[in-house]
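Biologist: Hi! I'm new to this one, could you walk me through it?
Modeller: Happy to, let's bring it up.

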Amino acid sequence: MTRTAPEILAALNANATTLSRIRRGIEKESLRINADGELAKTPHPAALGSALTHPEITTDFSEALLEFITPVSTDIDATLNQLDSIHRWTYANLGDEMLWPGSMPCLLGPDDEIPVALYGSSNVARMKTLYRLGLGQRYGRRMQTISGIHYNFSVPDELWQWLADANGQEVTQDFITERYFGLIRNFRRLSWLLIYLFGAAPAVCRCFLDGKEHQLESLNGGTLYHPYGTSLRMGDFGYQSAAQSSLRICYNSLDNYIETLKQAIRTPHPDYARIPSSEQLSGGLLQIENEFYSPIRPKRVTESGEIPLGALKRGGVEYIEVRCVDVNPDSPFGITREQIQFLDVFLMHCLLSDSPACNDQVYTEIGANLLRVVERGREPGLTLQNNGETISLNDWAAQIFDDMETVANAFDKGISNKTGSDYRQVLADWRKSLAQPDSTPSAKMLDTLRSRNLSYYAYMMEQAEAHRAYFAEPALSQQQCADAARISAASVEDQRAIEQSDTLSFDEYLSNYYDQYEAL
């Protein structure tokens, strides 16, 4: 007999041990800066290995935008310990440079002074760099220096089996993919809550918007901010564009998702068609699927040369990637254990709750709600839209917290030997932010700037210095350094092997890559 979503949630306690096997991974982006807080112009540090092939340290848009990747783990402490080790090894090889601790960037010069990431001479490396050149042409390089936290989350096989049994179904990849898309639809409807709770980017250096129109207010000279803002990164000054605003990527099924993204890649855009082919991959509305900025993505590990949509078509959804979490400047790791625990509960709630199909009205509401919380999230009495009904942010958030209680209880039952707070306590602590908006990261940052008469730049430099000191002691052991150096050296050899194995011209390689979209 098929159970309803409330019945499934109620039965979760009986299967709570499966929650201890949830798999997580973190990707954390950080800009390298010089001693003056300016974007570093130096190449990727040689001791960190190849940005193309290193399993834990790579670069994103810019040569100065580091990205740290933790291995998949079922243990939160193991994940944070790995992130700690990556930071310590990196700092040991940065010289006088530091890592900028916030999502909104450091002091930036003109666009042409922001170095695009380089990955070597192989076809795949050239494609990665050309894609980034295209992003710079389309959106400006400054926008691409914004940093974030990506949280990867997947469900263990035992939980899928229990969930399929509860629904009177067999565990198939189609079932798993369908449930992941249900999670994604619920996440998109409710992601404004994460922006309210975790948003840590209410301000930015004035230089970031130099010459652009904006509605931000001035604070302490060189700082621009929204008084009730939460995360500028997730709004009009972040990963947004007029061209993408017309996109309606459908999350009602994998086939719909693939088809709508495929069409965006294949559809020429008149403005982009004027960009030289030497400066972008294609003149399509999207060069590739990764150009579509979304708070959450369905993912599957790709095979060599495989397009992400092809991987999803081949094997279905393997995990989901949450992309709307700001770098937390109060944490040396950019994210806290308590944030991870809340994400676990939130995502499991999204997975187990009913998830109706999305339509144009809901799609529009999702975007409007997100923007209101980005710009005015802590404004007293702020209202949102939920299926055509007006509801206060606080009332809707309280309902979500009530609904998550069952999931938090199950986590506490299923996970033992914890070193941090239990999940129910974490949920209760985050809930306090509804009645106490001044306790949110965005509010605390602005309060610090006002009370100490600091600019955003000065505050971030203080945090950068503090984080550098944190990772300086204790230093990694000799064995840890030797292991890290070995991984870096191996990545350089792996890059060299890729370069030597190329047999196609770059044009042939690119043509074969894009042929995969036609075959979907």
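**A chat about the model**

Biologist: Let's start with G222. Where does G222 lie?
Modeller: G222 is in the loop between β7 (217-219) and β8 (223-225). Keep in mind as we go that this is a predicted model.

Biologist: Is G222 buried, exposed or partly exposed?
Modeller: Its relative accessibility is 34%, so G222 counts as partly exposed.

Biologist: And which residues does G222 touch?
Modeller: Setting aside residues up to four places away in sequence, G222 touches V204, C205 and R206.

Biologist: What separates the C-alpha atoms of G222 and G49?
Modeller: A distance of 36 Å, and the two residues are 173 residues apart along the chain.

Biologist: Let's change topic. How many residues are in the largest nonpolar core?
Modeller: There are 165 residues in it. Those with the most contacts inside this core are L183, F187, I320, F342 and M348.

Biologist: Which helix gives the most to this core?
Modeller: That is helix α5 (residues 173-198), with 15 residues. There is also a second, separate core of five residues, and A51, L52, A117 and A125 are among them.

Biologist: Back to F187, what is F187 in contact with?
Modeller: If you leave aside neighbours within four places in sequence, F187 is in contact with L194, P295, I296, V322, C324, F346, L347 and C350. F187 also belongs to an aromatic cluster, together with F198, F342, F346, F401 and W430.

Biologist: Nice, aromatics! How many aromatic pairs does the structure hold?
Modeller: It holds 21 aromatic pairs. Take F198 and F342: their ring centres are 5.8 Å apart and their planes are at 70 degrees, so this pair is edge-to-face.

Biologist: Which parts does that pair tie together?
Modeller: F198 lies in helix α5 and F342 in helix α9 (residues 337-352), so the pair ties together parts that are 144 residues apart in sequence.

Biologist: Are F198 and F342 buried or exposed?
Modeller: F198 counts as buried because its relative accessibility is 2%. F342 counts as buried too, at 1%.

Biologist: What about Y251 and Y257, how is that pair arranged?
Modeller: Y251 and Y257 form a tilted pair, with 5.4 Å centre to centre and 40 degrees between the planes. Y251 and Y257 are buried.

Biologist: Which rings have the charged end of an arginine over them?
Modeller: One is the ring of Y272, where the charged end of R138 sits 4.0 Å from the centre. Another is the ring of Y363, with the charged end of R188 over it, 4.9 Å from its centre.

Biologist: Switching to helix α2, what span should it have?
Modeller: Helix α2 (residues 76-91) has 16 residues, so at 1.5 Å a residue it should span 22 Å. Its end C-alpha atoms are 23 Å apart, which agrees.

Biologist: What happens at the start of α2?
Modeller: There, a side-chain oxygen of D75 comes to within 3.1 Å of the backbone nitrogen of D77.

Biologist: And which residues in α2 are buried?
Modeller: The buried ones include I76, L80, L83, I86 and W89, and also D84, H87 and R88.

Biologist: Last one: where does S442 lie?
Modeller: S442 is in helix α13 (residues 441-451). With 0% relative accessibility, S442 counts as buried. Apart from neighbours within four places in sequence, S442 is in contact with G199, A200, P202, G229, T230 and R378.

How values were computed
Residues numbered from 1 in each chain as written. Predicted model: local features only at pLDDT ≥ 70, side-chain atom pairs only at ≥ 80, totals over all residues. Heavy atoms only, no water. Helix = DSSP H or I, 4+ residues; strand = E, 2+ residues; numbered from the N terminus. Buried < 20%, exposed > 50% of the residue type's maximum accessible area, 1.4 Å probe, protein only. Contact = heavy atoms within 4.5 Å. Core = buried A, V, L, I, M, F, W, Y, C linked by side-chain atoms within 4.5 Å. Expected span 1.5 Å × (residues − 1). Polar contact = N/O pair within 3.5 Å; in protein donor to acceptor, adjacent residues only side chain to side chain. Phe/Tyr/Trp six-rings, centres within 6.5 Å; stacked < 30°, edge-to-face > 60°. Lys NZ or Arg CZ within 6 Å of the ring centre and 35° of its normal.
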